[in-house]
Structure formats: structure tokens, C-alpha cells
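Hi,

Here is the structure I promised to pass on.

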Amino acid sequence: MELTLTVPFGGSGVTAVKAGDSATVYLPDMMASVGGTVTYVSSTPYISEKGETMYSVEIKVKNPGSLTEGTSADAEISTAQGVLKNAEPGVLKYINKKL
């Protein structure tokens with residue numbers, strides 16, 4: 001089943017992130033990483049609890065079969081401006097979850 005990860009990225013470099021960009025998703029609890037693809041970049045910023053301007057980025061994650069919903073994850077996205085790392089971890093969620 002396909003998964004998605006939504007994580008916040010700082011405002012300074014997120015303008016270089018586009019849908020279709022490749023991402024690496026890190027799974028610290030499993031000591032592993034998997035590939036992913038950016039599917040959405042918010043155009044509306046929000047202010048984090050730390051007072052920083054953030055944008056939500058959604059990444060479709062390639063599931064090798066061992067990933068489950070609720071797994072904590074971080075992400076890096078390679079852009080022309082360099083590698084961007086998310087500001088806070090997110091949680092994997094199933095896409096089109098069947099009830």
C-alpha cells in the first residue's frame with residue numbers, strides 16, 4: 001500500500017521545491033531510508049511553534065513492503081539550491097486507505 005509523508009520545510013529554500021522532485025525519506029526507528037517523490041508544496045506559509053515560517057511538503061513514499069502507517073520519518077529534497085532537510089519529523093499515512 002502506498003504511503004505519504006507531510007513534513008514542514010523552512011521558507012528560505014522551499015521555493016526551489018517542485019512537485020516531481022526526488023526525495024529521500026529517513027526512518028530513524030527502522031534505521032533505513034527509502035525513495036520518494038514530492039507531490040505537493042504548500043503555497044501558504046504558517047508560523048511554527050518556534051516562530052519560524054514553514055511550508056508543508058507532501059512526499060509519496062515508495063513502500064518496500066515493510067512500512068506501516070504511523071511510522072515517524074524525516075526527509076531531504078535535492079534542489080538546484082542544494083539539499084533541503086525538513087524542520088520537524090512527520091508521520092507516514094496510507095494513501096487511499098480502505099475502511
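This is a predicted model: local features need pLDDT of at least 70, side-chain atom pairs count only at pLDDT 80 or more; totals for chains, interfaces and linings use all residues.

Residues are numbered from 1 along each chain as its sequence is written, and side-chain values use heavy atoms, with hydrogens and water left out.

Let's begin with Ser42, which sits in the loop between β3 (32–41) and β4 (46–47); strands are DSSP runs of E, at least two residues, numbered from the N terminus. Ser42 counts as buried because its relative accessibility is 11% (buried is under 20% relative accessible area, exposed over 50%, partly exposed in between, with a 1.4 Å probe and protein chains only). Its side chain comes to 2.9 Å from the backbone oxygen of Thr44. Leaving out residues up to four places away in sequence, Ser42 touches Tyr55 and Ser56 (contact means heavy atoms within 4.5 Å).

Next, Ile47 in strand β4. At 57% relative accessible area, Ile47 is exposed. With residues up to four places away again not counted, Ile47 touches Glu52 and Thr53. Ile47 and Gly10 are 37 residues apart in sequence, with 9.9 Å between their C-alpha atoms.

Thr71 is buried, at 12% relative accessible area. A polar atom of the Thr71 side chain lies 2.9 Å from the backbone oxygen of Thr68. Beyond its neighbours within four places in sequence, Thr71 is in contact with Leu27, Met30, Gly90, Val91 and Leu92.

Cheers

Methods. Helices (H or I, at least four residues) and strands (E, at least two) are DSSP runs, numbered from the N terminus. A polar contact is a pair of N or O atoms within 3.5 Å; within protein, one must be able to donate a hydrogen and the other to accept it, and residues adjacent in sequence count only if both atoms are side-chain atoms.
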